[in-house]
Amino acid sequence: MRLRNVRGAREEMLVNPYVIQEPQQYKGHVAVQIFGNNNPIFIEVGMGKGQFITSLAALHPEINYIGIEKYSSVLVRAVEKLEDFEQNNLRLIRMDAENIEEVFDKD
């Protein structure tokens with residue numbers, strides 16, 4: 001699959017409320033600081049355009065979901081799906097999953 005550059009995608013990631021900025025600062029406290037609860041967190045690495053994770057988050061409001069995607073041009077398509085999303089249990093991170101240990105503690 002060839003990635004197409006989406007003009008303004010990187011800028012949108014900086015201002016969108018669903019995208020976590022500087023996720024390393026929440027290490028060990030993601031659930032409480034990001035979601036305001038202690039619900040379990042499910043992570044989808046390489047979430048692409050977000051169809052799967054947004055569907056799960058809508059079906060299971062008792063679970064917090066975090067989608068990780070490396071490319072802004074792909075992640076922006078997931079953000080577009082969230083315009084009418086009414087749950088508060090989904091957030092997105094633009095990062096390389098190789099650095100996941102910088103954001104999440106073991107377990």
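## The sheet

Phe42 stands opposite Tyr65 in S2. Strand labels like that one, and helix labels too, come from DSSP runs numbered from the N terminus: helices are H or I with at least four residues, strands are E with at least two. This is a predicted model, so local features need pLDDT of at least 70 and side-chain atom pairs count only at pLDDT 80 or more, while totals for chains, interfaces and linings use all residues. Residues are numbered from 1 along each chain as its sequence is written, and side-chain values use heavy atoms, with hydrogens and water left out.

S1 and strand S2 (residues 64-69) run in the parallel sense, joined by five bridges; two strands count as paired if DSSP finds at least two bridges between them. As a general point, strands of a sheet pair through backbone hydrogen bonds, either parallel or antiparallel. Here you get an open sheet of three strands, ordered S1-S2-S3, with parallel pairing. Strand S1 (41-45) and strand S3 (90-94) sit at the edges, each pairing on one side only. On average, neighbouring strands of this sheet are turned by 20° against each other, direction ignored. For angles in this report, axes are lines fitted to C-alpha atoms (for helices, over the stretch in contact), and values run from 0 to 180 degrees between N-to-C directions.

## Helices against the sheet

Helix H3 (residues 51-59) lies across S1, S2 and S3, and runs at about 170° to S2. Helix H4 (residues 72-81) also packs on the sheet: H4 touches S2 and S3, and its direction makes about 165° with that of S3. Contact here means heavy atoms within 4.5 Å.

How many of the ten residues of H4 are buried? Seven are, so H4 is largely enclosed by the rest of the structure. The cut-offs are simple: buried is under 20% relative accessible area, exposed is over 50%, and partly exposed is in between (1.4 Å probe, protein chains only). The buried set in H4 is Ser72, Ser73, Val74, Leu75, Val76, Ala78 and Val79.

## The whole chain

Four helices and three strands make up the chain, and from the N terminus on the elements go α-α-β-α-β-α-β. The radius of gyration is 13 Å, close to the 13 Å from the globule rule for 107 residues, so the chain is as compact as a globular protein of that length. That radius is taken over C-alpha atoms, and the rule is 2.2 Å times the number of residues to the power 0.38. If you want a box instead, the C-alpha atoms fill one of roughly 35 × 30 × 25 Å, taken along the principal axes.

Of the 107 residues, 41% count as buried. Among the contacts with a separation of 6 or more, 68% come from residues 24 or more positions apart. The chain exposes about 6,900 Å², and carbon and sulfur atoms supply 47% of that area. Accessible areas come from the Shrake-Rupley method with a 1.4 Å probe, and for residues only the protein chains shown count as cover.

## Two salt bridges

Side chains of opposite charge can pair when their charged atoms come close. The structure holds two salt bridges, the criterion being a side-chain nitrogen of Lys or Arg within 4 Å of a carboxyl oxygen of Asp or Glu. One links the side chains of Lys70 and Asp96 at 3.5 Å, N to O. Lys70 is in the loop between S2 and H4 and Asp96 in the segment after S3, so this pair ties together parts that are 26 residues apart in sequence. Lys70 counts as partly exposed at 39% relative accessibility, and Asp96 is partly exposed too, with a relative accessible area of 26%.

Glu80 and Arg77 meet in a salt bridge at 3.0 Å, N to O. Both lie in helix H4, three residues apart, about one turn of the helix. Glu80 is partly exposed at 38% relative accessibility, as is Arg77 at 30%.

## Two spots in the first part

Ile34 belongs to helix H2 (residues 30-35) and is buried, with a relative accessible area of 16%. Leaving aside neighbours within four places in sequence, Ile34 is in contact with Ile20, Tyr26, His29 and Arg91.

Glu22 lies in the loop between helix H1 (9-15) and H2. Is Glu22 buried or exposed? Exposed, at a relative accessible area of 58%. Most residues other than glycine have a negative phi. Phi of Glu22, though, is near 50°, a positive value.
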